[in-house]
Amino acid sequence: MHFISPELELYVEKHSQNEPELLAALHRETFQKIMQPRMLSGHFQGRVLSLLSKLIRPLNILEIGTYTGYATLCLAEGMQENGSIDTIDINEELFDIQKKYFDLSIWKNQISQHLGDALDIIPGLNKKYDLVFIDADKDNYLKYFDLIVPLVNKGGIILSDNVLWSGKVLETPDPKDLSTNVLVEYNKKVNEDSRVETVLLPIRDGLTVSRIL
């Protein structure tokens with residue numbers, strides 16, 4: 001489902017901050033070489049993530065779902081000088097392209113790549129976070145949320161991507177469609193959970209912003 005027309009999307013991009021050169025190169029390489037390039041955050045959403053991070057000024061960032069590292073680098077733009085990013089992905093085939101672009105950035109010594117199941121990795125990180133970005137397998141969104149809420153500092157932000165799921169959240173989901181059913185439940189949960197205050201933004205495929213109370 002296209003929430004706005006391609007023409008309007010182009011207008012929005014043209015009237016938002018330009019995409020940095022390193023990210024433009026990563027964008028091109030992702031579309032040239034990687035399966036399912038639509039998963040990339042892209043120019044407009046990337047600038048939204050960057051601006052949110054700059055407003056938050058996080059010391060420590062956790063990202064669940066690295067893909068090719070585009071969003072990681074966007075979030076890094078607002079990180080404090082002595083900050084760190086832990087980014088987790090289960091797909092070992094993407095590790096090298098992530099590392100290539102992380103190493104080309106000024107944050108190469110502040111980004112830690114973790115390969116494996118986030119549900120296993122997160123408990124061993126032993127760190128408190130100011131900003132978390134959830135953009136991994138939708139089936140585990142509820143588990144990720146409950147796992148990370150205690151790890152986020154008061155006033156910290158949890159961002160959740162793809163929460164509109166191409167408009168499928170408006171439909172009566174097939175009982176076998178686990179991802180859609182989980183996202184419907186997830187959107188209800190984060191809106192009603194007393195530990196956070198939440199707003200769902202209709203940006204790209206839906207971006208939820210939840211603040212820890």
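This is a short walk through one predicted protein model, from the whole chain down to single residues.

Some ground rules come before the tour. The model is predicted, so local features need pLDDT of at least 70 and side-chain atom pairs count only at pLDDT 80 or more, while totals for chains, interfaces and linings use all residues. Residues are numbered from 1 along each chain as its sequence is written, and side-chain values use heavy atoms, with hydrogens and water left out.

Let's start with the whole chain. How many helices and strands are there? The protein chain has 8 helices and 7 strands. Both are DSSP runs, numbered from the N terminus: helices are H or I with at least four residues, strands are E with at least two. The radius of gyration is 16 Å, close to the 17 Å that the globule rule gives for 213 residues, so the chain is as compact as a globular protein of that length. That radius is taken over C-alpha atoms, and the globule rule is 2.2 Å times the number of residues to the power 0.38. Along the principal axes, the C-alpha atoms fill a box of roughly 45 × 45 × 30 Å.

Next, surface and interior. Buried residues make up 49% of the 213 residues. Buried means under 20% relative accessible area, exposed means over 50%, and partly exposed lies in between (1.4 Å probe, protein chains only). The accessible surface comes to about 11100 Å², and 54% of that belongs to carbon and sulfur atoms. These areas come from the Shrake-Rupley method with a 1.4 Å probe; for residues, only the protein chains shown count as cover.

Now contacts, meaning heavy atoms within 4.5 Å. Take the contacts with a separation of 6 or more: residues 24 or more positions apart account for 70% of them.

On to charges. Side chains of opposite charge can pair when their charged atoms come close. The structure holds 13 salt bridges. The cut-off is a side-chain nitrogen of Lys or Arg within 4 Å of a carboxyl oxygen of Asp or Glu.

Look at Glu77. Which side chain meets Glu77 in a salt bridge at 2.8 Å, N to O? That is Arg47. This pair links distant parts of the chain: Arg47 is in helix α3, Glu77 is in the loop between α4 (70-76) and β2 (84-89), and they are 30 residues apart. Arg47 counts as buried, at 6% relative accessibility. Glu77 also forms a salt bridge with Lys54, with the closest N and O atoms 3.6 Å apart. Lys54 is in helix α3 too, 23 residues from Glu77. Lys54 is partly exposed, with a relative accessible area of 34%.

Ser50 sits in helix α3 (residues 42-56). Is Ser50 buried or exposed? Ser50 is buried, at a relative accessible area of 1%. Its side chain makes a polar contact of 2.6 Å with the side chain of Glu77. A polar contact is a pair of N or O atoms within 3.5 Å; within protein, one must be able to donate a hydrogen and the other to accept it, and residues adjacent in sequence count only if both atoms are side-chain atoms. Leaving aside neighbours within four places in sequence, Ser50 is in contact with Cys74 and Glu77.

Here is another charged group. Arg195 and Asp193 form a salt bridge, the closest N and O atoms being 2.8 Å apart. Salt bridges that share partners join Asp146, Lys189, Asp193 and Arg195 into one network. Asp193 counts as buried at 10% relative accessibility, whereas Arg195 is partly exposed at 30%.

Gln113 is next, in strand β3 (residues 111-115). Its side chain reaches the backbone oxygen of Phe95 at 3.2 Å. A polar contact of 2.9 Å joins the side chains of Gln113 and Gln98.

Two backbone angles deserve a look. Asn126 has a positive phi of about 50°, although it is not a glycine. Asn126 lies in the loop between α6 (118-121) and β4 (129-134), and is exposed, at 70% relative accessible area. Ser166 is not a glycine either, and its phi is positive, near 55°. Ser166 lies in the loop between β5 (152-161) and α8 (178-192), and counts as partly exposed at 23%.

That's the tour.
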